[in-house]
Amino acid sequence: MNHNWILLFLIMTSTVFISGCWNQKELNELAIISAMAIDKNEDGKYVKTIQLVNPVNVAGGLQGGGSGQSPTVTVYTAMGDSVLEAHFHATSKVSRRLYHGHANLIVISEELATEEGIIDILDAFERDPEIRMTSRVVIAHHTKAGDLLKSLTAIDKIPAEKVNGTIHTTERARGESMEVNLQDVVTTLTSAGKETVISGFSLKGDIQQGKKIENIQQSELDTTIESDGLAIFKEGKLVDWYQGEMSRGVVWILDKIQQTDVILDREGQENILTYTVLRQKTRVSADTTNDLPVLTVRVRAEGDIREVRSQIDLTDPYEILDIEKELEKEIKKQLENTVIRTQQNKSDIFGFGEVVRRSDPKKWKKMKNDWNDTYFPNLKVNVKVEAFIRRSGNRTNSYLSDMEQ
Amino acid sequence: MEKAKISAYQLFILIVLFELGSALLVPIAIEAKQDAWLAILIGMVGGFCLYLVYHGLYSYYPDIPPTEYSQKIMGSFLGKILAFIYVLYFIYLSARVLRDFGEMLITSFYWDTPLFILNTLMALLVIYTVRKGIEVLARTSELLFVLIFLLGISVLFLIVVSGIIQISNLKPVLEEGIKPVLKTTFTQTLYFPFGEVIIFAMILPYLNRPEKVKQIGLLAIGFSGLILASVMAINVSVLDVNNITRSPFPLLSTIQTIEVAGFLERLDVYFILITVIGVFFKMCVFFYASVVGTANLFNVKESARLAFPLGLAILILSITIASNYSEHIKEGLHVITLYLHLPLQVIIPSLLLLIAFIKNKKKKSKHSKNLFPKRKYRLVERDKK
Amino acid sequence: MFSFLKRKNQKNDRKIQEINNQNQSNNRPPNLIESSLSKNLEVIKQKTGNSSDIIIRPLKIGHNSQIKIAILYVKGMVDNQSVQDFVIDSIMNNQNLSEKLIPQEVLEILIEDVVAVGGIKVVSDWEKLLTALMSGETITLIDGISKGVCASTQGGQRRSVQESTTDVSIRGSKEAFNESIETNTAMVRRIINNTDLWVESINIGKITKTEVSIMYINGIAKNEIIEEVRKRLKGIDIDGILESGYIEQLIEDQTNTTFPTIYHSERPDTVAGNLLEGKIAIFVNGTPFVLLVPALFIDFFQSAEDYYERFDIATAIRFLRTVIFFISLVGPAIYIAATTFHQEMIPTELAIIIAAQRESVPFPAFIEALIMEITFEILREAGIRMPKAMGSTISIVGALVIGQAAIQAGIVSPAMVIVVSLTAIASFATPSYAVAISARLVRFIFMVSAATFGFYGIILVFIMLIVHLCSLRSFGVPYMSPLAPFIREEAGDTIFRRPIWAYKKRPRLISGQNRVSQGEDQKPQPPRTRIMKNTTNVEKGEPNES
């Protein structure tokens with residue numbers, strides 16, 4: 001019996017030692033990719049840009065060494081007929097194994113998204129087990145996708161983190177962009193009742209300046225990258241850009257607003273009062289009794305008054321009620337504008353189709369194929385808003401009301 | 001049969017871990033779309049019925065394994081052939097589980113490592129364990145169950161906290177009516193994983209309290225059914241049905257989606273831990289049954305001696321069973337359910353039960369004394385103590 | 001088959017030895033003591049090689065000092081005071097003795113009247129007589145009588161009872177066992193004042209004839225286990241027992257394991273507590289370490305102090321210890337697996353920092369870890385053997401020279417130093433040294449598996465470890481009980497420590513039939529009435545009744 005044991009032991013140790021380093025990869029033998037970008041050049045080839053982290057330069061700053069000498073990231077570009085081919089070509093330029101495990105950003109160029117659509121390029125990303133489905137996806141607005149990765153950034157040492165951080169903060173504080181990850185994109189692409197929305201990002205300034213380390217050695221950067229609107233897709237192709245209130249409307253109907261400001265015009269004066277939404281809940285329901293479903297968007301917002309530029313008496317509950325009414329009207333107007341424009345785009349980015357499907361699967365089956373072109377643009381959408389003012393910050397009335405007296 | 005006894009609680013855990021083993025890995029019942037959980041629950045009810053059949057047989061022959069009582073029921077020759085078929089079936093199933101597992105590791109984590117090596121390591125561990133006997137296996141399961149339970153709870157907590165559950169993905173319920181759900185149940189979930197409980201017919205004779213077999217088995221199947229159903233429901237609500245149908249290992253995708261507090265993300269290791277432990281027990285139970293069955297059939301005194309050769313056979317079988325993953329899955333979901341699971345899990349046991357029932361009725365009329373074979377066994381057991 | 005072969009060999013050895021023994025006994029002088037004193041003394045001198053530390057004091061007593069007697073003892077082994085006062089002095093000055101003529105009478109009077117020592121016995125064969133002499137008893141031989149009188153006068157210089165050095169605790173008794181078996185058993189008896197505390201002694205070791213005692217509480221300890229312990233102890237046939245470690249290695253259930261299946265302690269209160277649970281203590285003369293069987297895996301994570309603290313604190317500490325043990329097992333392995341296989345699971349910032357640190361390190365993480373681990377083991381080994389005064393030098397060399405310089409030289413990365421030191425501290429924090437050293441060994445297996453297969457390797461080795469632990473038994477009791485097999489009413493005293501009032505029963509697998517350990521309703525409850533507050537009513541009721 002013990003001969004077996006010796007045999008077993010030998011096999012085990014030999015497997016352990018022979019197997020050596022199949023999947024083994026030392027951390028310092030990896031080229032850690034922080035972001036990837038896909039462009040298309042004039043020849044119709046895909047251009048893949050990868051942003052690699054220079055660990056020593058990133059960590060150097062933390063350990064007291066100067067980080068001024070060399071940039072924290074290095075960017076390589078390569079071309080190919082498919083995304084993966086471009087990737088292969090990139091490997092010939094880097095001394096280390098390209099590693100996607102920490103790639104947290106995929107940038108797609110506006111041009112590619114508009115002309116060809118994003119459908120063809122995502123499979124390679126989804127299939128690779130190393131690439132995370134939670135990587136954020138961003139559309140480069142008014143710029144090449146690759147350039148977005150080349151620009152160095154201040155504060156955030158790695159530009160990819162700057163992009164992700166900015167989108168995250170914008171979503172939380174303003175509600176004008178949305179964190180969209182690879183999984184969300186693929187899900188909405190495959191869903192018949194919901195279209196894709198992806199946040200945009202743009203480069204301000206000259207890219208040649210932005211590449212240099214001098215750019216971030218000044219207090220005001222010549223070249224920066226910033227969050228810029230929402231890209232609206234229809235069946236995988238970019239059809240429209242929404243900015244400001246319009247994009248906030250999308251985020252709002254998708255119930256992803258966490259905090260945002262609504263500015264009110266009043267009694268002929270513009271921008272007289274700023275209302276900050278601190279909590280909100282949006283519900284979309286469908287009534288499918290008629291042939292054409294009727295959608296209802298119910299918004300319930302709670303918040304504070306943050307800025308007042310007139311003598312409104314905020315101690316008066318009736319006044320508050322009035323303001324609430326006007327706020328409701330304002331929000332309703334904004335949301336309706338968004339819905340109307342989206343219906344003109346014939347792209348159901350709100351997922352109204354999903355709502356219909358859930359409430360009446362049978363009817364949905366009939367409408368499914370023509371949803372975006374026939375049914376969605378003609379939907380009747382009711383927007384019902386309830387807004388509540390809870391507090392008014394550190395002051396009741398504005399000092400303006402005292403000054404007039 | 002080795003002289004060993006396991007407790008009711010140990011049996012419960014073994015059944016639960018066995019059921020969860022590879023079923024947590026693969027997208028079971030996904031043909032039923034977002035109603036997969038329902039298909040699993042209906043499959044669970046079917047599993048109850050099947051278990052009652054196996055238990056019926058057990059209550060006629062409480063202290064011998066199926067490889068032996070099949071000979072008592074069908075006669076020596078036919079019974080031996082039947083027992084042989086079952087042993088082969090068990091070996092085949094353990095090879096399948098091993099392959100499932102190896103494929104999972106290769107696709108998700110170890111794409112540069114040969115399948116053979118990954119499978120070898122697992123097979124060696126299983127051989128080592130099975131040689132130690134059922135008692136050690138049962139005790140190990142008690143300890144690792146706690147670990148898997150804690151892992152499960154923490155994963156659930158993280159999923160809930162990261163806010164990725166969208167219950168709306170589960171709606172509409174029964175979009176296409178009940179038909180596809182029932183179809184999935186009867187072509188899949190009834191046999192995998194619930195019908196596979198037939199393997200425990202080999203282990204039931206070891207239980208120290210035979211009167212609890214029925215209750216414990218049903219409880220365990222119910223418990224694991226609920227877990228599987230809720231895991232599938234969570235998968236669907238996190239990933240959306242379309243993504244699941246395209247992902248070979250939905251639970252892995254779900255865990256990969258977790259993002260909590262900026263640093264609790266990419267928790268793939270959780271998945272490795274859960275599946276390695278789960279698959280380890282499933283393999284062990286299958287393999288143990290194969291070893292004990294073979295020993296019993298060919299009158300080998302020391303069944304542990306068979307562990308090594310049989311383990312090698314299973315290892316090689318697991319590599320040669322299919323040339324690629326699609327073939328493996330296609331075989332698993334369509335071929336063997338119809339030609340192996342259905343006859344071996346449902347039809348033959350029911351027939352055996354019927355024959356055993358008739359035989360015992362005849363006996364009963366002859367010796368009206370021996371009304372309940374179970375009770376007789378209990379007396380014997382008490383005497384032993 | 002190895003173990004089987006070994007056992008066979010042992011049997012063969014034993015047979016050979018038995019034959020040798022017989023041969024020796026054939027050559028020996030007759031086994032019984034003769035009646036002639038001079039002959040007897042001659043035999044003793046011959047047998048002991050005329051050793052200079054054996055004192056032979058011839059005396060003449062009786063009427064007209066006609067009877068010759070001799071008093072023998074070993075210098076240093078006896079308590080000089082009692083030999084002088086209670087043996088020699090009383091024999092010389094006894095009135096009765098001086099009137100007797102017949103040696104037989106002298107013997108009787110010696111036993112009944114003269115020798116004023118507690119333990120006294122009469123032996124007639126050489127074997128026993130010499131063993132008694134060698135163990136520090138005082139022998140009186142009388143001319144004309146073929147018997148010897150042994151008076152137990154053991155004494156001499158022993159280390160006094162001191163504070164425990166290996167099981168230190170903040171709360172609880174400070175005294176620890178010392179090297180004398182009598183003191184040790186007495187210390188336990190002082191805690192358990194009960195007639196049911198039984199002690200059995202045997203001498204083990206063909207040459208050393210070391211006294212070994214089994215102690216257990218009759219009625220609580222399981223008879224099967226007591227019988228098994230006796231059997232295994234009697235089976236020992238070895239030249240010498242120098243420490244309880246010899247016994248431990250000769251009677252454990254399974255030899256091919258790194259984990260201890262016998263518990264040892266230096267503290268009387270730990271031993272008493274374990275005896276109360278039904279365990280059996282094995283005392284060995286000459287060592288302060290007392291063995292306790294059967295030992296469960298969980299015992300090695302408990303310290304006596306757990307029971308002295310309140311249960312919530314003790315439970316928290318036990319949880320901490322479980323984590324500590326886990327870290328000391330897999331700490332470096334997890335680091336290796338995470339940095340060489342599963343980089344994605346490290347948070348991005350940390351991954352970048354580690355990558356930057358490793359940039360200048362020429363070795364793979366596994367080799368790096370191995371270098372550090374081995375360096376640390378060297379430091380530790382050096383630290384233990386060094387004289388205390390040198391200890392600080394070691395720590396300076398270790399911390400500054402190796403730690404700091406290795407990082408600056410780029411041989412290891414700072415992260416690795418953190419991991420290895422954490423592991424090292426964790427292995428010191430494990431309460432039982434015996435388990436800590438096995439963890440040290442198993443850690444290397446984990447490291448190898450992590451370096452070759454990442455987390456898959458770790459979890460496989462982990463499962464294997466659990467299977468191995470579950471397959472162990474200590475005197476028939478499953479090693480991992482009461483966790484596996486899970487026993488609900490006892491699981492409260494494992495990683496948890498339930499309140500003292502909830503210990504209703506003794507462990508099932510260890511103690512015998514009699515399992516109830518405390519009365520019902522031991523949970524303290526505040527007085528329900530206002531009596532405590534209202535002092536005028538104190539006489540009416542008992543304030544503690546509830």
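Which residue lies over the face of Tyr46(A)?

**View 1. A lysine over a tyrosine ring in chain A.** It's Lys40(A), placed 4.8 Å from the ring centre of Tyr46(A). Keep in mind for every view here that this is a predicted model.

View 2. Across all chains the structure holds 34 aromatic pairs. In one of them, the rings of Tyr9(B) and Phe486(C) have centres 5.5 Å apart and planes at 40°, so this pair counts as tilted.

**View 3. An edge-to-face pair inside chain C.** Here the ring centres of Phe177(C) and Phe283(C) are 5.8 Å apart with the planes at 80°, so we call the pair edge-to-face. The two residues are 106 apart and link distant parts of the chain: Phe177(C) is in the loop between strand E5 (148–151) and helix H6 (181–191), and Phe283(C) is in strand E9 (residues 280–284). Phe177(C) is buried, with a relative accessible area of 1%, and Phe283(C) is buried too, at 0%.

**View 4. An aromatic cluster with members from chains B and C.**

**View 5. An arginine over a phenylalanine ring in chain C.** Arg232(C) lies over the face of Phe475(C), 4.1 Å from the ring centre.

Terms used
Residues are numbered from 1 along each chain as its sequence is written. Chains are lettered from A and ligands numbered from 1 in the order in which they are written. This is a predicted model: local features need pLDDT of at least 70, side-chain atom pairs count only at pLDDT 80 or more; totals for chains, interfaces and linings use all residues. Side-chain values use heavy atoms; hydrogens and water are left out. Rings of Phe, Tyr and Trp (its six-membered ring) pair if their centres lie within 6.5 Å; planes under 30 degrees apart count as stacked, over 60 as edge-to-face and the rest as tilted. Helices (H or I, at least four residues) and strands (E, at least two) are DSSP runs, numbered from the N terminus. Buried means under 20% relative accessible area, exposed over 50%, partly exposed in between (1.4 Å probe, protein chains only). A charge sits over a ring if NZ of Lys or CZ of Arg is within 6 Å of the ring centre and within 35 degrees of the ring normal.
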